[in-house]
Amino acid sequence: MIFSSIPFLYYFLPAVLILYYLAPKKARNAVLLLVSLVFYGWGEPKYLPVMLGSTALGYLFGLALGAAKKPVVRKALLTVSILSCLGVLVYFKYTDFFLANLNALFGTDWKLLGLALPVGVSFYTFQILSYTVDVYRGDAAAQRNPIALACYVTMFPQLIAGPIVRYTDVARQLRDRAYTRENRTQGMTRFLIGLGKKILLANLLGEVCAAWRATQDGSVLFSWLYAVSYTLHIYFDFSGYSDMAIGLGKLLGFAFPENFNCPYIAASVTDFWRRWHMSLSSWFRDYVYIPLGGNRRGRGRQLRNILIVWLLTGFWHGAAWNFLFWGLYFGALLILEKLALLKFLEKHRIFGHVYLLLAVVFGFVLFDASGLSSAWMCIRGMLGLNELPPVSAEGLYLLRSNTVLLLVSAVGATPLPKLLAQKLNDRSPKAAAALQPVALCVLLLICTAFLVDGSYNPFLYFRF
């Protein structure tokens, strides 16, 4: 089940909110756990034991780490907990990748397992890891209530595609959280804005990308149209999901961390990754980069740590070579900026902004490709190296048909819409208060019409 679907919007979510608010406050964690299991099991019931097993291990290791006193015992427990948690992720996500590459390298004939990837496994694995590491460090007390910890791991708003919510972010809220009218209003507003971004922008941009994939047109125009459309598509798809998750969290009394902050207005790759998928960037910073030594052991070690982090970041996104190269690509750009470019980019922001957009567009071509050869074919088209006419009839038709969509999306990826809404609210707060519910109802109706009429409605990060 996905958020942008009729069953979720008109059956599951209303039923959840009714059950949740009718339940006594002390029982709401149990209700949330139950409905989260229903949500996850709706499409993949066979993988419920995997998630519950990982959660149970996290709970037991948390208790053991909280009770252990000797440093050597605590380190051993932490090591085993990390290996067991990552073992599940590696088994399902990377086994076939390793086997296929071993076969290619050594001429062996290991049989691939053909395992389907459990939805959300990358996200809930990182949440369990952050919990056990924080207990080991003393940043969080071990959670003795198994329902509370299971509620944290399985919570349906952020279970499938984030943001990655750390236990320390919500530990207090699992015990006691505020249910205010303002939170409910803000939550529903945020959810519907995210729904609009997903259905009215991301899905339509995704159709442009699907048209390019169907033809593999290598002309300059169509290659750039695809690359720009995908760059906007992935932003609105993923940030729209994050908005919906954060909004649902507010409806349930939780404050989830922000995940995006207008990343396409950045003027450097360094600034971009402070604004894009912020919960993942901060996770790798705090649980990988800093433990490796960060920037504390000389420039050489720092550059090595950056490469390790970005190699892992790419591999986290998928078991394929294009993801590994995508991570190394951004790692190399970050190192280049740190060594030479960053001060220049900060001083010449217009140049920096153009450079950043080009870097991101080429990066996301690599990210979306089915393989390295497919990525190179598209990049050749963008650079005019395919020895084809620069303009194709289909590319020109799609550009004309989607010009308004591209312009609206480009503006929507900036802070301008939010600034205009804030200005309207400051100038006429009563009018804004009266218009907001009407606008949100209209937005919901339009989204519903698109859902009833359309068929293209995937969430990209279900792949990860």
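Start at the largest pocket: select T189, I193, P417, K418 and A421, which lie nearest its centre among the 40 residues of its lining. A pocket here is an open set of points on a 1 Å grid over the protein atoms alone, with protein on both sides within 12 Å along at least five of seven lines, and lining residues have an atom within 4 Å of a point. Please keep in mind that this is a predicted model, in which local features need pLDDT of at least 70, side-chain atom pairs count only at pLDDT 80 or more, and totals for chains, interfaces and linings use all residues. Residues are numbered from 1 along each chain as its sequence is written, and side-chain values use heavy atoms, with hydrogens and water left out.

Now colour helix 9, helix 10, helix 17 (393-412), helix 18 (416-427) and helix 19 (429-453), the elements that give two or more residues to the lining of this largest pocket. Helices are DSSP runs (H or I, at least four residues), numbered from the N terminus. The space in the largest pocket comes to about 1800 Å³, where a volume is the space filled by probe spheres set on grid points that are joined across faces, edges and corners. Its lining has 22 nonpolar, 12 polar and six charged residues. For these classes, Ala, Val, Leu, Ile, Met, Phe, Trp, Tyr, Cys and Pro count as nonpolar, Asp, Glu, Lys and Arg as charged, and the others, Gly among them, as polar.

Next, move to the second largest pocket, with a volume of about 650 Å³. Select W273, R274, R285, W310 and L334, the closest to its centre of the 20 residues that line it. Which helix gives the most to this lining? Helix 12 does, with seven residues; helix 11, helix 12 (278-289), helix 13 and helix 14 each supply at least two. By class, the lining of the second largest pocket divides into 10 nonpolar, six polar and four charged residues.

From there, go to helix 15 (residues 349-368). Show the side chains of its buried residues (under 20% relative accessible area, with a 1.4 Å probe and protein chains only); among them are Y355, L356, F364 and F367. The cover over the buried residues of helix 15 includes helix 9 (181-215), helix 10 (220-251), helix 13 (299-317) and helix 16 (372-382).

Time to look inside: the structure holds two cavities of 30 Å³ or more. A cavity is a set of grid points where a 1.4 Å probe fits but cannot get out. For the largest, select S54, L57, G58, F61, S81, S84, C85, I128 and T132. This cavity has a volume of about 50 Å³, and helix 3 (48-67) gives the largest share of its lining, four residues. Helix 4 (71-106) and helix 5 (121-137) each supply at least two. The lining of the largest cavity has four nonpolar, five polar and no charged residues.

While you are at helix 3, click on G53. With 31% relative accessibility, G53 counts as partly exposed, a class that runs between under 20% for buried and over 50% for exposed. The C-alpha atoms of G53 and V88 are separated by 9.7 Å, at 35 residues apart along the chain.

Finish at the second largest cavity, which holds about 40 Å³ of space. Residues to select in its lining include G218, S219, V220, N386, E387 and P390.

Terms used
Contact = heavy atoms within 4.5 Å.
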